[in-house]
Amino acid sequence: MSFIADSFRMAVALILSGDSDVTSAVVTSLSVALWSVLFASVAGVPFGVAVSLGKFPMKGAVRLVLNSLMAMPTVVIGLLVYSFLSRQGPLGSMGLLFTPRAIIIGQTILATPVIANYTLSAIQGADKRILPTARTLGASNVQSLFQLAREVRFGLVAAIIAGFGRVVSEVGVAMMLGGNIRMYTRTMTTAIALETSKGDFAFGLALGLILIIVALAVNLFLTVAQESLRA
Amino acid sequence: MSIAKYQLSSVQTSYGKTLGVAIDDLSLSSGGLYVLAGPNGSGKSTLLGILAFLNKPDRGTVSFDGVPITWTRKECALLRRRVTLLYQRPYLFSGSVASNVAFGPVARGDSKTMIQDIVRESLEKVGLSGFESRIARKLSGGESRRVALARALACKPEVLLLDEPVANVDRASATLFESLVVSLAAEGITLVISTHDDRLGARLGATVIYLEDGRLASPPEQLPSAVLPHRAEENHANS
């Protein structure tokens, strides 16, 4: 028990001391996660809407793939993106490997199916009268879709929260594509993996607690935003 | 000779092997007041969906103001700005009553001042003045129906299609609705009202179009103002 209590005390001390390594890991984790979720939302929300409302062949297969991608191991995505960004890869000349941008690319791929799937579920669970009602009131197709999105906004925020949860807690992509470079691409999760492998469990646990606090704060913010949309 | 608002020729819609509607010939004149009668599953809602340009029929021709409809997305979207359908169970969007009523004018890009006036006038017509800031989803069933009607009126439609508007509403709302329909018809709006109420057509002085198993049929005797549907336009013109 003292081990856990020590870790907790260390976490508090680390947060209060403003340790530069911890601050850098927190800032890197949050910035890559937020950018990834932003890009994944831009791709995933319209994709989820299109799959949900569209009538096209192999729709069931697309859903199956989306569901499977949700469970895709992060290291596999890391490996795939690595093969594109490495020096021998087709995008190697861009010099993206072991940069925060590489992590963002990998995490965007990771979060997109999650956000698309949650969006799809939100749209399918929406009242079937929304679109025809909007249309018969003279809304264009784009205006009708915006109204639909407005009506299911809680579901869409939940999709974004789920996407954020997926990327902020992952380690495979950040490790493989970021390289865990101190003060540059080291995230909280890669720092935890490193400290634990060095045998510094207390420091690792402390970082874990910080990660939980940060995730809690971001989710609290998104939940408050979600509630404020309720009218 | 005036051009019919709607002209339907050999229109047919099916759901799998089940016939939705099959109408050989039907004309609805501009400014006419029509009651669409028939038992459950007779195709009333399907026909309203076609008249509202929401559902393309499997075959046949529909003309609006003498122009045959090609059913392109763009064309239907433009026509829906002239025709509004009020559902039997209307869906009110989240937000205030005012935002619901303003939906159509906002979609059309009307100015803010104009929208405020339209919202006020529309709510006044349905007896809900002062309801602007109320939360739409917290209204009673009768009030919700009236907000939905106000929302439809705010679109200033040339044609108003009403699907079972007086089903399950209180007597006060039903009476208000009937007097409103008469005044709207007097304003020149073409009205098509589907109903199970056999006496509604007679009360409103409307032309009754009777559907049975998706087809136009001779109405039963208890519908005193009913006419043969293919003569609906002629009947209206003579009245």
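## Basis of the model

Residues are numbered from 1 along each chain as its sequence is written, and chains are lettered from A and ligands numbered from 1 in the order in which they are written. Because the model is predicted, local features need pLDDT of at least 70 and side-chain atom pairs count only at pLDDT 80 or more, while totals for chains, interfaces and linings use all residues.

## Overall form of chain B

Chain B contains nine helices and ten strands (DSSP runs numbered from the N terminus, with helices being H or I of at least four residues and strands E of at least two). Its radius of gyration is 17 Å, close to the 18 Å that the globule rule gives for 239 residues, so chain B is as compact as a globular protein of that length. The radius is taken over C-alpha atoms, and the rule is 2.2 Å times the number of residues to the power 0.38. Along the principal axes, the C-alpha atoms of chain B fill a box of roughly 45 × 40 × 40 Å.

Of the 239 residues of chain B, 46% count as buried (20 or more other C-beta atoms within 10 Å of the residue's own, with C-beta atoms placed from the backbone). Among contacts in chain B between residues at least 6 apart in sequence, 71% join residues at least 24 apart; a contact requires C-beta atoms, placed from the backbone, to lie within 7 Å.

Strand E7 (residues 159-163) of chain B has five of its five residues buried. Val159(B), Leu161(B) and Asp163(B) point one way from the strand, and Leu160(B) and Leu162(B) point the other way. In a regular strand the side chains alternate between the two faces of the sheet.

E7(B) pairs in the parallel sense with E6(B) over four bridges and with strand E8 (residues 190-195) of chain B over five bridges; pairing requires at least two DSSP bridges between the strands. Val83(B) has Val159(B) as its bridge partner in E7(B), and Leu161(B) has Val192(B) as its partner in E8(B). From E7(B) the chain crosses through helix H7 (residues 171-186) of chain B to E8(B) in a right-handed β-α-β crossover (clockwise from the first strand over the helix to the second, with the strands pointing away from the viewer).

## Contact with chain A

The contact takes 19 residues from chain B and 16 residues from chain A. On the chain B side, helix H2 (73-79), strand E6 (83-86) and helix H4 (103-108) each give two or more residues. The largest share, four residues, comes from H4(B).

How values were computed:
Contact = placed C-beta atoms within 7 Å. Buried ≥ 20, exposed ≤ 12 C-beta atoms within 10 Å, placed from the backbone.
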